[in-house]
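This report describes the architecture of a protein assembly, chain by chain and then across chains. The sequence and coordinates are shown below for reference.

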Amino acid sequence: MDFLRRALNPWGEEVPMGVSWDLAWAAVALGALFVIGHALLIPKKTGGGKADADAEEAEGLPKKILRHSLGARAFHWSMTVAMFVLLITAFFPLLGIRFPWVTIHWIAGFGLILTLIYHIYHALTKQDMGAMWIGRQDVDETAKSLKVALRASEEEPPRSGKYPPDQKMFHHVATGVTVGAIVTGLLMMFRIDHFLWGQNPYLFSDAVWGWIYVVHGVCGIGLIFLVIAHVYFAIRPEKRWMTWSMIHGWIDRDRYLQNHDPKRWVVARGETAEGRGDGQSS
Amino acid sequence: MAVIRDMIPPFELYQPAGVGDAVRLLNEHADRGWVLAGGLDTFDWFKDRIKRPAAVIDLGGIDELRGIAAGPDGGLDIGAMTSLTELSENGDVRSRYPLLAEAAELVATPQIRNQGTLGGNIAQDTRCWYYRSGWPCYRAGGNICYAATPRSMNREHCILGASRCVAVNPSDTAPALVALDAQMVVANVSGETTYAAEDFFIGPDIDITRMTVLEPGDLLTRIRLPAPQAGARYYFEKIRDRKSWDFSLASVATVLDVEAGVIRDARVVVNGVAPYPVRLGASEVAVRGRSPDDEAGQAAGAAAVAGARALRHNDYKIALMRNLVRRSIRDAA
Amino acid sequence: MAENVIGTDIVPPDLRAKITGRARYAEDFRAEGMVFAKLLGSPMPHARVRRVDTRAAEAMEGFLGILRASDLPPVEGLGEGALTDEPKYEGEPILAVAAVDETTAAAAVEAIRVDLEPLPFVLNPLESLREGGPNARLDGNVGGRGEALTVKWPDSVFEEADADKLPMGEPTTEWSIGDVEPAFADAAVVVEETVMHQSVTHHPMEPRSCMAYWQNGKLYIHGSTQSAARTRPNVAGMLDMDPDDVVLVAEYCGGGFGSKIAGSPIMAVPAALSRKIGRPVMLRITRYEENYIGRARAGFQGWVRMGFRTDGRMTALDLYLVQDGGPYGRASDFSTAATVASLAYQPENMRFRGVPVYTNTPPRSAQRAPGGAQIVAMLEPFMDKAARELGVDRLEIRKVNAAGHDGWVGSGKAPVTSAYVREALDVGAELFGWEEKRQLSGRRKGTRVNGVGIGLSPFVAGSTGFDGLLVVRPDGKLHVHQGIGNLGTHSIADTARSAAEVLDLPWDRVVIVWGDTSKHLPWSSVQAGSQTTHAHTRANHAAATALKGLLQELAARDLGGAPSDYRVSDGRVYRAGNPSVGMDFARAARRAIQLGGKFSGGEVPEDIHNMTKASVAGLAGQGLIAAAKDNYPHEGSTFSWVISFAHVELDVETGEVEIIDLASAADCGTVLHPRSLAAQTNGGVFQGIGMAKGQRWVFDPKWGIPFTKRFYTARPPGILDLPLSPRFAAVNLPDPQTPVGAKGIGEPPVGAGEAAYACAVADAMGGRCLCRTPLTADMILAELEGRPRPYGVLDTHV
């Protein structure tokens, strides 16, 4: 299998055209393998966190603790919609399902950009950026969790901050891949006709264009894998509470205490999820 | 790889005697197969060594694909392998569908019309010279339209229906068939499907590598014309750089249903201006209920060009299409 | 008395074979063990070959060899080789491969990897003249004398000119007659325009295929060429060998239009490849390849200013031409254009400035009226514009400015031999019905507007000093050996008619020997420049006069009396007043063989060319032989004129133009062959109309690659684009400086047709001139609709 699609430009020079679409199937296969492998290797009860909530720790905490604000949820789900539209419009035509996908694709791309702009603004102004930062503790925690998961350790799985390390990692990889797709996608807008700005397919040399297409393709294919993995985790029984939190916004106190280290995700006492929209975690 | 032209590379030739065999072969060879009808489009590709199918399925020996017969409901049933000469000289076609006879008669040259078939004329590939030069454009599976850059030579390219690719449909008979509301019968191993001519042609927004719904394995077998309307008026015109062996810069095919001096219904179709023959719904609406005169023609022309977008060198096509639509209403007979 | 053969229609000896398909062109020949070659053309418009990897090709079964530029003698200076390691246009041949068949040769070429370093390239001459603009050649961008120059104009030159005006910096060529500035100051009307004529390829029907083999050190070469005698030394020169060792066979030529004057560079490829691999090699040039190596007409970006008196007389002509000249040599179109303009209008004052710029487009060569056709088509519409402004009839303004017998040409004001231009204008106007037709001008019928136009076009029409070679064989026939080529113009037959005329011999007793240098041909003019009719009616006249003298001498010797007592007529030499005393040609031939010496090629005139001498030696003893050089007096330059009249209808809704009527008249001296002359003239008129109407040579400016590589994209006119019955008449008055009175006709009709069409279209547009070619429907419609023009006036290769 070739990783790249190549072609001869009008001067007979070999230039990359894009990533091989066979890799999309490889991503699907890899996603499936990951899901099956993970499902078989990791029993569902080893979801992480303490088995029982500590009553002492629970004192003064509201019953429902806000994990995702309305704004954060709005972002997540609008991004989800944009992402699915992008992936469907990108890959369904390759499956032989024909429809006028290009305009929908780039409009969805702009939708994605808008959600990201909102997300960045939101993160900068209202959220704690540090909550997503991967620190030393996350590394230790991951190592411990892995041992537990692989039954190499009998210890209780460690509790995480607001976001567990795997979630953080997913966030960062997804960010990289999405930004890659967006930047290349914006450049690719110069190759097509639309009302926003003038078409100039000769903005870069054809070799540079080729690599832009390769990066866009790799990111798109990467997103297939990431989406598969993400959806898989979202529906895994031990993680469904997190999925629910992305719908309702809150988690209950027990979940909080079982899975999160109150020292690392400090929730203000006496406030309910409905009380304040944001900033409860610090 | 060095460019060699005018030398046909070797291929396996299959000469089925029936449609059944042909579609079986097409199915067997799928996207490595190639349908050969009159060869006018095919041999250009082959001689340029740009398209190199492994298997060529020659329809020349399939008698059931030839000929013009009466269809059900007083229409006409035309085999896809009927030559353009036979079509344009056929008495029924001339008297009842003069639009189609005229369109067929304006194709290329007498030699090409003798050899070329109706099916081939309908299903032929675009003549965009960037694409035909074997450049890796969108239509050839690449990621650029060389004809839509600020420096491109795109006088012949489209003003409507562009989506990344700006090539135009080169067929002369296609707009006539859309105007006549013809049906296209497509066979493959799973059976037969019939498409309205209007839906048979597709734009690059749907599939950038094909001009029609025909997928590998499909075979256009017959073209069915409905019975003509009593009192219908027709107009066909093709504008080209020279009077023989030339594709259209723009063409118009119009059918007006006129009763008591009033246009009851109209089908106005243009080609050479978009990647597919375009039915101009707005122009049709603009003339309904009016008398077929210059005023109605002007309204139709103005409606036709709404939304047309010129490339660097083809702004004239907007005026040309507007004028052609205008006179098709005014001068339909 | 034999029927006078001058001025009657005859069946040329090559006609039947051409019509029945028996004629063998270069591609039709086969030789024992013959193999095929294919060319590898450059994919880039300008590049340097870094490395060639031929391993995959060499491994193929049936592969026989490769020819590179280094296998051919080096090319000096601005010259063009058959192959190159620095291709200067896309498609230029880099190497050739020989294989047992063409399929293998093609596959082998495809398997070769050529590593190329792209170099800067330029398509539009003006871009090359800008500071920092690309040069088409590594050694410069403008043609000088034997070397390339680098010419760059300051930015201010370009800033002064807007998009529609030619920038005019320092020219490399300049001459003037009188002083134009005061003349413009005094002029009643001054017309000033920027105008362009595009380059177009030749597109002869027969591509320049060639087959070659070697036998005992001699090269046998079958090629497509306009000339025979003159191609042989050219081929020898390309291969650095003695012309005597070249046998050229070129009996038929499917058109050249100036692109195959003395063969083509590519003929060296099968010749050298054959020598290298020791097998006969056929190189079939495809239509696609012909587009690249088949030559083209130079284009001009021009500016003109013309000043007129109230009566229409041109008092000043100021002309600036930037030439688009391809990458090699130095096409002289631009300087010829100035010469032709001077002759066409006889301006009282004139200035010419020009720059021949190199471009990375296929090479230029003469194309039927090189320079002349372009300039006439560019300037004639402005004559109409001036006529309109002055209120002078358009026929009249041409008469006022037409050259008479005292006419002159060029910067040196050289005299012309004859000029029946006003007579031709009258003949043409009568034939066309100018008086009635001009009333139609601008008249509208539905959506169609009428336009009428006149195009007046002179071009050079003759040279002198070549040899004639005649043999009367024992079959009693006159064998006329013709060193000229068989371009398809019937010249091989028609120039022999002067010999028949001198000998008063019926045409069916004349045998033409041509197209094969092993058949002993005399030194001849190239079959180009409309020289042949003039040059070889003279040469054959001279040889026939010599032959007649020999016949008389022979008869006197055998039958008594003085040579002057004998007449020659109807295939006999006989005593005046007593026809029974004499001998027929068969007997004369036999006697000549018996007598030998001067009668049978044993002695030859000193002044004939060595090639003719060698041919006479080869023929010696085969009959009564006469060879002579054309030493007839000739003062001044010989030119012919064609004036065409066109009536068109322009559809204002589509921009389409239909030619309703065409009529042309010529001053080409005495008419030799009326039917052939009409065909030749009308063909030229059509070719010119093609350039004006729609023929294109489109390049992608980003990649420097042409698209009009097929007839259907290049769009030369088809028969349906032309009226069914174009009319033609000739003045038919002899040129006094040549014995038969005939002048050439090949070239002047091109400009006449093109100009008449351009003028008629402008007339239909109310006098508006688009000032460029081609006048396609899109250009016309955009102008009529007031929409943006598809192309600017200075855009090239569109």
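What percentage of the 798 residues of chain C count as buried? The share is 62% of the 798 residues. The structure discussed here is a predicted model, and the values that follow are computed from it.

## Overall form of chain C

The secondary structure of chain C consists of 23 helices and 34 strands. Its C-alpha trace extends over about 85 × 70 × 50 Å along the principal axes.

Of the contacts in chain C between residues at least 6 apart in sequence, 79% join residues at least 24 apart.

## Overall form of chain B

Chain B comprises 13 helices and twelve strands. The C-alpha trace of chain B spans about 60 × 50 × 35 Å along its principal axes. For 333 residues, a compact globule would have a radius of gyration near 20 Å; the value for chain B is 19 Å, which agrees.

Of the 333 residues in chain B, 59% are buried. Among contacts in chain B with a separation of 6 or more, 65% are between residues 24 or more positions apart.

## A mixed sheet in chain C

Four strands of chain C form an open sheet in the order S25-S24-S23-S29, with mixed pairing.

## Sheets and strand pairs in chain B

In chain B, five strands form an open sheet in the order S4-S5-S8-S6-S7, and the pairing is antiparallel. Its edge strands are S4 (68–70) and S7 (191–196) of chain B, each of which pairs on one side only. From one strand to the next, the twist averages 25 degrees. Strand S6 (residues 183–188) and strand S8 (residues 219–225) of chain B pair over five bridges in the antiparallel sense, and B:Met184 stands opposite B:Ile223 in S8(B). Helix H1 (residues 19–29) of chain B lies across S6 and S8 of chain B, at about 135 degrees to S8(B).

Parallel pairing is found around strand S3 (residues 55–58) of chain B, which is joined by three bridges to strand S1 (residues 12–14) of chain B. Strand S2 (residues 33–36) of chain B also runs parallel to S3(B), with four bridges between them. B:Ala55 in S3(B) is the bridge partner of B:Glu12 and likewise of B:Gly33.

## Nonpolar cores

The largest nonpolar core has 254 residues, and those with the most contacts inside it are B:Leu99, B:Val270, B:Met321 and C:Val761. Helix H22 (residues 748–764) of chain C provides the largest share of this core, eleven residues. Apart from this core lies another, of 119 residues, including C:Ala98, C:Met267, C:Ala500 and C:Leu624.

Leaving aside residues up to four places away in sequence, C:Val761 touches C:Gly451, C:Val648, C:Leu650, C:Val657 and C:Leu775.

## The contact between chains B and C

How many residues of chain C are in contact with chain B? The number is 41, and they meet 29 residues of chain B. Strand S1 (35–41), helix H3 (102–111), helix H9 (287–293), helix H21 (711–714) and helix H23 (777–785) of chain C each supply at least two residues of the side of chain C that touches chain B.

By residue class, that side of chain C divides into 20 nonpolar, eight polar and 13 charged residues.

Methods
Residues numbered from 1 in each chain as written. Chains lettered and ligands numbered in written order. Predicted model: local features only at pLDDT ≥ 70, side-chain atom pairs only at ≥ 80, totals over all residues. Core = buried A, V, L, I, M, F, W, Y, C linked by C-beta atoms within 7 Å. Buried ≥ 20, exposed ≤ 12 C-beta atoms within 10 Å, placed from the backbone. Contact = placed C-beta atoms within 7 Å. Nonpolar A, V, L, I, M, F, W, Y, C, P; charged D, E, K, R; others polar. Pairing = 2+ DSSP bridges. Axes fitted to C-alpha atoms, helices over the stretch in contact; angles between N-to-C directions. Rg over C-alpha atoms; globule rule 2.2 N^0.38 Å.
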